[in-house]
Structures are given as C-alpha cells and as structure tokens.
Amino acid sequence: MQGHLTLYLLPEQTLLSIRPAAQMDAAKLAAVVRAAFEPYRGRLNPNPSALAENAESIGARLAGGYGLAAVAEGGIVGCVL
C-alpha cells in the first residue's frame with residue numbers, strides 16, 4: 001500500500017505500521033502526545049506545552065497536510081506532527 005510502512009520490532013516481533021494521520025485520529029493522537037509528556041508535569045518549568053494538546057489543536061496541525069500515526073495491535077501508539 002502506498003504511503004504505508006510496516007516494521008517488526010524485536011524482540012517481541014510486534015508489528016508497527018506507520019501511516020498518514022487523518023482528522024479522525026486527532027483525539028487519539030492528542031491522548032498519545034499528552035501521555036508521552038505526562039511524566040514531565042511539574043518537573044519542568046513551565047510544563048511542556050504538549051500537555052495542553054487536544055483533538056482541536058491536533059486537528060489544526062493535521063489540516064496543514066502533515067502528520068504520521070504509528071499503529072500497533074490496532075491502536076495508535078505514536079505520531080510525528
């Protein structure tokens with residue numbers, strides 16, 4: 001499939017697919033971004049701006065025409081925005 005990359009991660013042999021992100025992914029992508037930066041809440045001053053991401057802010061980034069979603073075991077596990 002064009003625009004789709006599949007990788008196998010060792011040692012678990014987990015299938016990881018990289019695909020273009022869609023507007024319908026915005027809420028899930030925002031949740032992944034917030035989860036990635038949550039450990040830094042209160043440890044950095046100011047807190048990372050990524051903690052304020054939401055479906056609307058991610059959707060606006062996607063509207064710019066660029067975003068990738070990393071998918072494993074049927075769920076979004078990472079992104080590039």
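Reply: Happy to! Keep in mind that this is a predicted model.

Me: Which residues make up the largest nonpolar core?

Reply: That core has 10 residues: Ala-21, Ala-26, Leu-29, Ala-30, Val-32, Ile-58, Leu-62, Ala-69, Val-71 and Ile-76. Helix 1 (26-37), helix 2 (55-63) and strand 3 (68-72) are the elements that give two or more residues to this core. Helix 1 gives the most, with four residues.

Me: Why is Leu-29 called buried?

Reply: Buried means under 20% relative accessible area. Leu-29 has 0%, so Leu-29 is buried. This residue is found in helix 1. Leaving aside its neighbours within four places in sequence, Leu-29 is in contact with Ala-21, Ile-58, Leu-62, Ala-69, Ile-76, Gly-78 and Cys-79.

Me: What makes helix 1 and helix 2 roughly perpendicular to each other?

Reply: Their axes come within 8 Å and cross at roughly 110°. Angles of 65 to 115 degrees count as roughly perpendicular, and therefore the two helices get that description.

Me: Which residues of helix 1 and helix 2 make the contact?

Reply: Helix 1 brings Ala-26, Ala-27, Leu-29 and Ala-30, while helix 2 brings Ala-55, Ile-58, Gly-59 and Leu-62. These residues of the contact divide into seven nonpolar, one polar and no charged.

Terms used. Residues are numbered from 1 along each chain as its sequence is written. This is a predicted model: local features need pLDDT of at least 70, side-chain atom pairs count only at pLDDT 80 or more; totals for chains, interfaces and linings use all residues. Side-chain values use heavy atoms; hydrogens and water are left out. A nonpolar core is a set of buried Ala, Val, Leu, Ile, Met, Phe, Trp, Tyr and Cys residues joined through side-chain atoms within 4.5 Å. Buried means under 20% relative accessible area, exposed over 50%, partly exposed in between (1.4 Å probe, protein chains only). Contact means heavy atoms within 4.5 Å. Axes are lines fitted to C-alpha atoms, for helices over the stretch in contact, and angles run from 0 to 180 degrees between N-to-C directions. Angles under 35 degrees count as roughly parallel, over 145 as roughly antiparallel, 65 to 115 as roughly perpendicular and the rest as oblique. Ala, Val, Leu, Ile, Met, Phe, Trp, Tyr, Cys and Pro count as nonpolar, Asp, Glu, Lys and Arg as charged, and the others, Gly among them, as polar.
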